[in-house]
Amino acid sequence: MCPVTGSDIHDSEEDSRGHCFSPEAIPRVVLDWVQYNSILSIAWDECDSRGKSIESILQIDARVVEYEKADIIIRKGDYGGSVLIPLEGEIRVNLEESGEKNFARKRVTRKRSWLSALGQIFRRKTPVERIKTDSSTDKVYSSKAHVPRLDVDLEEYMSKNLTRRIGLGEICGEIAALRRSPRTASIFAETDCKLLEIRWQGVREILKNSKEFSHYLEDLIGDRRHQIFSGMKTLTDLPEAIQRTLSAKSIFERWGSDHWNRNFRKIMQSQSSMIDRESVILQQGHHMDGLYVLLSGFARVTNKEGSEEKTVGYLRPGDVYGLKELMKLSRTGVGSPALRSIRAVGAIDLVVIPSSDFVEYVLPELKNLDIDQLGSEKGLISTELLDFFLDRRIVNGNQTMVIDLNRCTDCDDCVKACAVTHDGNPRFIREGYRHAKLMVATACMHCIDPVCLVGCPTGAIHREHSTGNVVITQSECIGCASCVESCPYDNIRTVEVQDANGEAVIDLETGKPVLKATKCDLCIDQPSGPACVNACPHDALHRINFSDASGVSSIVERITG
Amino acid sequence: MKIRPPHSGALLLILIGIVVSFYFLEQADTTLANPAVTSGWILLGSFVLLCLYGVRKKVPFLPIGKTATWLQLHLGFGVISSWLFLEHVDYRFPTGLFETQLYLLYGLLLISGFLGWLVMRALPETLRADGRELNPLRIPDELAGMVKKSDDCIAGLEPGELNPEILKGYFEVVRPYLCSGCGFLPSRIHPEFGVPQSLIQRLQDYESPTVLFSSDPFLPVHKIVREKAVLDLHRVRQRWLRGWLFVHVPVTGVMVLMIVLHVILVTAFKAGGAS
Amino acid sequence: MNTKPRGAFDSRTTRYLRPDRPYICGNSSQPCSSGPTGSGVCPHGEAGCFPRMSEGYLRKRVQRSLFLLFLGGLLVTLAAGGNEQGPFDQELISPGPLSHFHSQFECSDCHSTDLNSWNGLLSSVWDGSGDTFASDGCLKCHDQGPHAMSAHGISPEALRERSGLEGVAPFHDQTQCAVCHAEHGHGSHEVQLSDSRCQTCHQQQFESFVSGHPPFSEDYGNKPRTLSFSHSDHALRHFKTMPEFAPQSCSGCHQLNETTGAMTVLPYEESCGQCHTEDIVKSEAVKFFALPMILGLEEMKEEGMGVGDWPYIDILDLTPWTRRWYRSSEMDSEFSELMKLSELEGDEPGNPAKVREVQEFAMSIKRSFMKDMISDLRSWIGRLLPGEYSEWTSDELAQLSGQFPIALLVKMQERWFPNLDEELNRFDSGMLVEPQASEEEVTEEKSAAAGSVAEEDLLLEEEEDLLAESEEDLLLEEDDLLSGDLDQEQDADKEETIVQEHSLEETSVGRHWANLGGWYEDGGVVWYKPVQHADPFLKAWIEAEIRHGANEEISAEILSLLLADNAPGKCSKCHSGVSAEKGTLSWTPAAREEKVRFSKFSHADHVFSDADLQCTSCHEPRVSQSSSGHDWFPVKMESCTDCHGQEVADDCTLCHQYHASPGIRKLKSASINIFRMTEED
């Protein structure tokens with residue numbers, strides 16, 4: 001059953017399942033059905049033999065969800081960390097890109113009203129880190145606040161658009177769950193249906209304990225890997241047929257030894273040059289064999305100037321390299337050697353679309369505008385700064401807090417604003433790495449590859465569905481600090497919580513204070529967005545999304561003058 | 001010292017504000033309204049707008065524009081307000097007791113504001129130039145650490161390694177210096193030793209600084225003293241950077257009180273205009 | 001690359017910094033999560049942990065302290081000032097000292113005492129009424145007339161008329177003094193009105209004086225003439241023939257009044273008098289009083305009727321004053337026909353009724369004359385005035401009477417009605433007015449009457465005494481004198497041997513004697529001959545008739561008599577400003593202070609000496625007079641720009657002034673409590 005937290009605030013029967021995915025135990029009938037009819041059957045015995053029964057895993061990390069006809073179960077582009085196994089009814093995956101508009105989000109995330117926001121000023125500020133007994137703010141984070149529906153005639157839609165039924169007991173949603181990437185396709189309910197939802201922690205547990213299942217899943221991902229193109233901004237518009245063709249012809253590669261975040265701290269402490277320890281994927285001047293699409297990890301784009309390799313750019317998951325060279329090929333018919341080198345920062349996964357296939361399949365689908373934009377380098381940023389961003393893996397950030405030290409007056413208004421919006425508790429430290437007059441503050445960057453999620457046993461730390469922002473559900477956090485350890489940037493901190501009287505909450509079993517992981521939540525429930533940005537009187541504080549090259553360069557240009 | 005030029009939007013706002021106020025003043029003139037009353041009401045309006053900036057800072061979570069934008073508005077209205085203030089007092093010195101208080105307070109408010117504007121644009125760059133990225137909250141810890149480190153250095157010495165005079169000098173001059181505050185003006189630094197001139201003068205009584213700072217056992221302490229000198233300069237700048245707020249903000253509070261009283265008095269005693 | 005060591009913010013060992021808290025933890029090596037309490041105490045009671053006040057909290061403390069300090073100061077002030085004078089110490093809230101002239105005032109002299117209580121003060125703010133006393137305080141002393149707060153200080157109707165905007169309703173808006181005039185050191189009390197304030201009412205239609213200012217009016221610089229002096233006649237004719245009288249420059253006649261900046265004409269004596277006094281003194285005398293001639297006195301006697309003595313009138317003309325005298329003599333209305341005649345027919349044969357009527361009339365004239373003689377100068381002149389007697393001041397009456405001497409009255413009686421009392425007595429007793437005396441007696445009486453003329457001097461000497469006597473005494477004495485005459489004649493008969501060297505026959509007649517002017521009787525008529533320039537008697541009568549005549553027939557007659565070209569004194573020859581037709585009474589150009597003036601021009605600022613600036617640079621002479629009687633061309637705007645060029649200042653108030661009413665500088669000194677007396681005193 002659920003791990004016993006022993007914390008003295010979780011004493012009621014209901015709350016004893018506090019860290020489980022479902023408030024109610026999964027019925028025996030469902031478990032039995034799953035054991036024999038679903039894909040999990042292949043892993044069942046193996047897990048049992050390893051002493052970690054799937055049943056116990058499911059009891060913690062799974063729940064039964066029901067959808068009505070035409071409900072949208074998974075929306076393409078959303079962030080989600082669970083896989084689904086249909087139990088009853090019919091669900092379908094939408095395969096046609098043009099139909100995706102019907103799945104588009106109609107309502108943005110609910111935010112606090114102004115009145116409720118204003119109430120924060122008057123809320124009692126002492127004691128600090130007071131635990132919330134009403135989890136009112138948690139509700140905003142909860143994943144199933146509202147079930148969206150397809151607003152079309154379902155039969156007509158299915159007849160006109162290409163969809164595929166997912167059979168009972170099959171598994172879906174695994175790519176996003178395991179790659180921490182956005183959902184690659186939308187899934188909707190064809191009839192009223194019932195599904196088993198397993199969050200990725202559970203899937204990971206099963207994978208850990210079952211070779212069979214992990215092989216199966218690898219094959220499955222291989223079979224469906226054309227879908228990864230949907231997750232890429234460059235190739236997202238390709239029709240499924242082309243995606244399939246491409247995935248068959250492309251070369252999937254894995255470079256580098258460790259995942260980029262492993263041993264990151266150790267690497268940072270060594271004084272040797274980062275660039276030298278990175279393996280070269282593509283050598284400048286060599287034959288350009290295709291379009292390089294980065295699936296995970298980061299890559300450094302360098303240019304050789306004299307004897308020195310100068311960083312001129314970076315690639316994040318989903319970024320491509322080689323457009324310029326391939327365009328030349330398509331225009332002149334003569335292949336161009338690689339203009340830049342690409343190096344793997346840590347371990348990376350990438351796919352190379354061969355040149356001929358690119359010209360044949362991809363190019364006609366791309367619009368000229370895209371090519372010019374994608375081919376451009378982040379040229380306005382100096383090499384030193386790029387090195388800084390890459391060496392520190394700051395390029396990971398979608399919302400990196402950057403402070404212009406030429407403007408900052410140390411007034412701490414940003415910290416105070418942060419405290420106001422978080423019940424008197426700041427959620428970042430206005431200190432951090434600096435490069436010249438630019439400082440990267442110790443605030444959650446809401447990474448494109450949030451490795452902090454990896455270790456979380458309860459799923460308290462997760463990505464918000466629509467935006468992908470990383471948030472922690474306070475009530476689900478058990479204070480294990482695995483995210484704290486995982487975060488390579490030291491942006492998550494545990495705090496000792498206190499009750500309303502200012503007394504530290506003590507774990508009765510261990511006698512130690514109860515901890516909760518805290519970090520910047522980007523003021524997700526505030527009407528304004530990040531209060532720190534709002535509060536800075538000198539326009540010194542920015543949130544940078546490293547995917548947005550022009551945004552990055554405009555802010556950087558402003559700071560470095 | 002380089003000063004970041006004012007925001008062009010703020011300058012435009014100032015221009016527009018002055019033109020609009022001028023229009024109203026002119027309008028007041030042609031309707032035989034008391035110009036001091038008209039400029040007074042506009043001035044009050046500008047004061048309220050200026051105060052709104054303080055209110056806005058308390059509600060950073062409302063989507064009502066960035067505080068940075070508000071600050072530009074604040075600065076723009078500050079300039080407009082000072083011009084209106086001069087118009088209001090008709091470019092002369094006040095004569096009554098209460099009036100003089102108002103005048104001085106508002107003058108203080110405006111001057112501290114402009115000083116703040118200046119230092120906020122001039123100082124951060126110099127502040128960072130010393131390479132210290134130090135959260136002001138950590139400075140006391142840093143200082144305490146210095147004292148401790150320096151004490152450890154002295155305590156770790158073998159007996160007789162330093163002559164008693166130097167020890168005396170350490171305990172009577174150097175250590176008190178490490179514990180002392182930074183003052184309001186940067187102290188003059190001795191170009192050779194990198195420590196304040198005043199410290200060297202005081203040390204003269206105990207031991208020649210040349211001998212002292214070149215003696216090996218004292219080198220770590222000398223390093224700490226040099227660090228403290230740099231840190232002091234940093235603190236002085238920090239003080240100036242935000243010290244003006246200790247005038248600007250409290251005076252604003254008093255100003256509200258005084259303005260309310262002023263408005264009550266002038267409205268009660270107004271002798272009427274044209275009807 | 002410039003980065004800090006990682007350890008400084010390692011997530012495992014560091015905690016959030018909390019600058020928003022009032023106190024910052026003092027233990028740097030081992031900060032605790034709960035942090036210092038709000039009052040700055042370490043919750044763990046750790047020794048060596050001294051929480052520090054955060055910067056924001058310190059600022060808040062300073063702010064609070066300063067606020068409380070001022071609030072406290074304010075409350076103390078209010079508490080100290082809380083007397084009957086009001087909630088404040090008035091010294092403290094006074095916006096500044098009062099200007100010199102006002103520094104003696106109490107607050108309540110200018111401010112409503114309603115404001116002396118919190119209640120009044122706040123209700124004044126609440127309903128926006130302000131200081132209800134407002135301008136009343138100013139107008140207590142500064143007399144601005146009834147339209148003080150109307151535009152330009154003159155009546156709205158007058159302003160409208162002046163503006164020529166007939167269709168526009170009169171501008172009744174009231175403007176408080178404080179709109180422009182500030183006290184308590186707020187601006188000078190000599191306020192220059194800004195141009196934009198002028199445009200509250202006046203629409204600006206031009207850029208500057210040089211471009212677009214309306215031209216000066218057709219008569220600018222040509223004020224309505226009150227003296228019909230012809231510069232051209234004098235310069236081109238008279239001064240050529242009499243160069244000794246010609247002035248050397250304009251200032252021979254015109255003089256600058258340095259204080260008002262006005263040009264004035266030198267007094268008559270200095271300018272015109274040298275030549276023209278003769279004209280006045282030699283002019284005609286005024287025929288003031290005459291009785292009608294009665295023809296056929298003998299025939300009347302034959303009819304058995306008579307009127308007694310009746311003067312022989314040389315010039316048959318009833319003067320207007322005589323007719324007024326009739327009217328006020330309470331005569332029977334049946335004589336109205338006779339009253340118009342200057343010649344009464346006493347010998348209408350076969351019409352005894354008519355003759356009787358004449359007799360009756362003549363006797364009522366005598367009765368009236370008798371009444372005058374027992375009256376006094378005041379009531380006598382009162383009977384000759386237009387309008388009501390009570391309207392006149394004794395000063396005016398004195399001038400109007402011309403100090404008519406009693407001696408002349410007595411002489412008139414002696415020569416006209418020697419036996420006035422007897423005749424009246426007889427007539428009233430129903431007897432014949434004249435006894436049927438012999439021819440001799442008649443001649444004797446006649447010579448006696450003639451003799452009395454010779455005694456005029458004597459009588460004049462006694463005039464003073466006589467005037468001092470009461471009416472009755474006067475009459476008694478006259479009787480004595482008359483009887484004395486008879487005694488003397490008897491003596492003369494006895495002493496026939498005396499050489500007749502002196503003869504009273506040759507005594508000067510009135511006309512001859514009074515060549516320096518004054519009263520005289522001649523030929524049965526009382527004359528007044530003008531004495532000097534601005535003769536008080538003539539002036540008084542002209543003014544009286546123009547002011548009070550009210551178009552009365554007699555009044556018009558007097559005026560036509562006095563203002564005719566060849567009239568006594570020849571006043572109207574020069575004083576064209578005095579006119580019966582127009583009803584104007586301007587002897588001389590009106591002084592600036594007396595007029596409603598919207599603009600100002602200071603000759604003082606322009607005329608420094610004759611050499612600096614010729615008068616003629618602005619005032620161009622013309623040879624023939626204009627239709628309005630001016631012998632100067634109006635002043636043109638070019639006169640200004642010729643000297644000032646384009647640089648003429650454009651302020652409206654350089655030439656125009658807001659307060660047009662003449663009372664602008666007047667102060668009601670009685671309103672000022674100059675002796676600072678309290679009511680108890």
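**Exercises on burial, cores and contacts**

The residues of helix H17 of chain C that count as buried are C:Ile406, C:Ala407, C:Leu408, C:Leu409, C:Val410, C:Lys411, C:Met412, C:Gln413, C:Glu414 and C:Trp416. The model is predicted, so that local features need pLDDT of at least 70 and side-chain atom pairs count only at pLDDT 80 or more, whereas totals for chains, interfaces and linings use all residues. Residues are numbered from 1 along each chain as its sequence is written, while chains are lettered from A and ligands numbered from 1 in the order in which they are written.

**Exercise 1.** State how many residues of H17(C) are buried, and decide whether C:Pro418 counts as buried, exposed or partly exposed.

*Solution.* Begin with the criterion: a residue is buried if 20 or more other C-beta atoms, placed from the backbone, lie within 10 Å of its own, exposed if 12 or fewer do, and partly exposed in between. By this count H17(C) is mostly covered, with 10 of its 11 residues buried. C:Pro418 counts as partly exposed because it has 19 C-beta neighbours inside 10 Å. Finally, C:Pro418 can be set against C:Val41, 377 residues away in sequence and 133 Å away in space, C-alpha to C-alpha.

**Exercise 2.** Find which residues have the most contacts inside the largest nonpolar core, and list the contacts of A:Ala299.

*Solution.* A nonpolar core is a set of buried Ala, Val, Leu, Ile, Met, Phe, Trp, Tyr and Cys residues joined through C-beta atoms within 7 Å. The largest such core has 148 residues, and those with the most contacts inside it are A:Tyr292, A:Ala299 and A:Cys532. Strand S13 (residues 341-354) of chain A gives the most to this core, namely eight residues. For A:Ala299, call two residues in contact if their C-beta atoms, placed from the backbone, lie within 7 Å. Once neighbours within four places in sequence are left aside, the partners of A:Ala299 are A:Ile281, A:Leu294, A:Tyr314, A:Leu315, A:Ile342, A:Arg343, A:Ala344, A:Val345 and A:Ile348. A second, separate core of 58 residues includes C:Leu338, C:Leu384, C:Leu385 and C:Ala580.

**Exercise 3.** Describe how domain 2 and domain 3 of chain A meet.

*Solution.* On the domain 2 side, helix H11 (264-269), strand S10 (290-305) and strand S11 (308-315) each supply at least two residues, and the largest share, three residues, comes from S10(A).

**Exercise 4.** Work out which helix gives the largest share of the side of chain B that touches chain C.

*Solution.* In total, 38 residues of chain B are in contact with 45 residues of chain C. The elements giving two or more residues to the chain B side are helices H1 (8-30), H4 (97-129), H5 (139-155) and H10 (245-269), and H10(B) provides the largest share, 12 residues. By class, this side divides into 18 nonpolar, 12 polar and eight charged residues, where Ala, Val, Leu, Ile, Met, Phe, Trp, Tyr, Cys and Pro count as nonpolar, Asp, Glu, Lys and Arg as charged, and the others, Gly among them, as polar.

Definitions and conventions: Helices (H or I, at least four residues) and strands (E, at least two) are DSSP runs, numbered from the N terminus.
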